[in-house]
Amino acid sequence: MTVDLYWNIALISSILLGVLFLMSLFGLDVDELEIDGLGDSFSFNALIAFFSVAGWTGYFAHNKTDMSSTLILFTSIAIGIVFYIISIYFLNKLKGIETKGNIEIENAIGKTGTVYLTIPEKQSGDGQIQLVIQGGLKTFYAQTKNESIPTGTKVLVYDLDNGKLLVEPYNENN
């Protein structure tokens with residue numbers, strides 16, 4: 001491979017990487033491209049980073065060293081692969097810290113909370129409770145099968161009924 005080819009690969013992929021970065025600043029994520037069978041091991045952004053790093057490595061190796069063309073090619077590919085793997089690793093870490101706004105109400109079962117609005121007796125109406133779920137304090141509609149539960153009472157969520165939490169007074173001594 002000639003120095004011009006490395007230069008072209010480096011320049012084009014660096015420009016693409018810059019465009020992808022600018023797009024991500026405006027909320028446009030190109031990395032949602034999925035290829036069946038590759039799972040989390042493929043990323044368009046990491047692929048562009050591979051070509052950018054491999055291209056610049058080849059370009060500088062041609063200009064600054066006296067290595068053979070074959071050795072430059074293998075070195076460029078090896079360093080590109082290392083950066084690809086590092087990019088995949090960090091992109092997967094970032095995906096792991098993404099927050100989704102979806103609350104899974106089933107996660108409330110077994111948790112304790114506090115009555116926010118009085119819960120009417122025998123499921124005759126809805127009250128509200130507040131509890132910490134998925135890292136945040138949330139308010140949910142709740143019902144009880146027993147006597148009404150006044151505001152401020154600590155309750156235990158034991159089930160769901162039509163998307164509403166079923167609760168009973170919580171006694172810490174039990």
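The model is a predicted one, in which local features need pLDDT of at least 70 and side-chain atom pairs count only at pLDDT 80 or more, while totals for chains, interfaces and linings use all residues. Residues are numbered from 1 along each chain as its sequence is written, and side-chain values use heavy atoms, with hydrogens and water left out.

The overall layout comes next. The protein chain has three helices and five strands, where helices (H or I, at least four residues) and strands (E, at least two) are DSSP runs numbered from the N terminus. Along the sequence, the pattern reads α-α-α-β-β-β-β-β. Of the 174 residues, 27% count as buried; buried means under 20% relative accessible area, exposed over 50%, and partly exposed in between (1.4 Å probe, protein chains only). The chain exposes about 11,200 Å², with carbon and sulfur atoms supplying 59% of it. These areas come from the Shrake-Rupley method with a 1.4 Å probe, and for residues only the protein chains shown count as cover. Among contacts (heavy atoms within 4.5 Å) with a separation of 6 or more, 55% join residues 24 or more positions apart.

Beyond four places in sequence, Ser-76 touches Tyr-6, Ala-54, Thr-57 and Gly-58. Ile-79 also belongs to H3, which covers residues 69–97, but Ile-79 is partly exposed, at 30% relative accessibility. Together with Val-82, Phe-83, Ile-86, Tyr-89 and Phe-90, Ile-79 makes a nonpolar surface patch of about 550 Å².

Of its 14 residues, Ile-119, Ile-129, Leu-131, Val-157, Leu-165 and Val-167 touch the most other members. Strands E2 (127–133), E3 (136–143), E4 (154–161) and E5 (164–169) are the elements that give two or more residues to this core, and E2 gives the most, with three. Leu-131 has contacts beyond four places in sequence that include Ala-108, Phe-140, Val-157 and Leu-165.

The loops complete the picture. Gly-110 sits between H3 and strand E1 (112–117) and is exposed, at 52% relative accessibility. Leaving aside residues up to four places away, Gly-110 touches Leu-156 and Val-157. Most residues other than glycine have a negative phi. Gln-123, however, has a positive phi of about 50 degrees; this residue lies in the loop between E1 and E2 and is partly exposed, with a relative accessible area of 27%. Asn-162 likewise has a positive phi, of about 55 degrees, and is found in the loop between E4 and E5, where Asn-162 is exposed at 74%.

Conventions
Patches are made of residues with over 30% relative accessible area and no salt bridge: like charges are joined within 9 Å, nonpolar side chains (Val, Leu, Ile, Met, Phe, Trp, Tyr) within 5 Å. A salt bridge is a side-chain nitrogen of Lys or Arg within 4 Å of a carboxyl oxygen of Asp or Glu. A nonpolar core is a set of buried Ala, Val, Leu, Ile, Met, Phe, Trp, Tyr and Cys residues joined through side-chain atoms within 4.5 Å.
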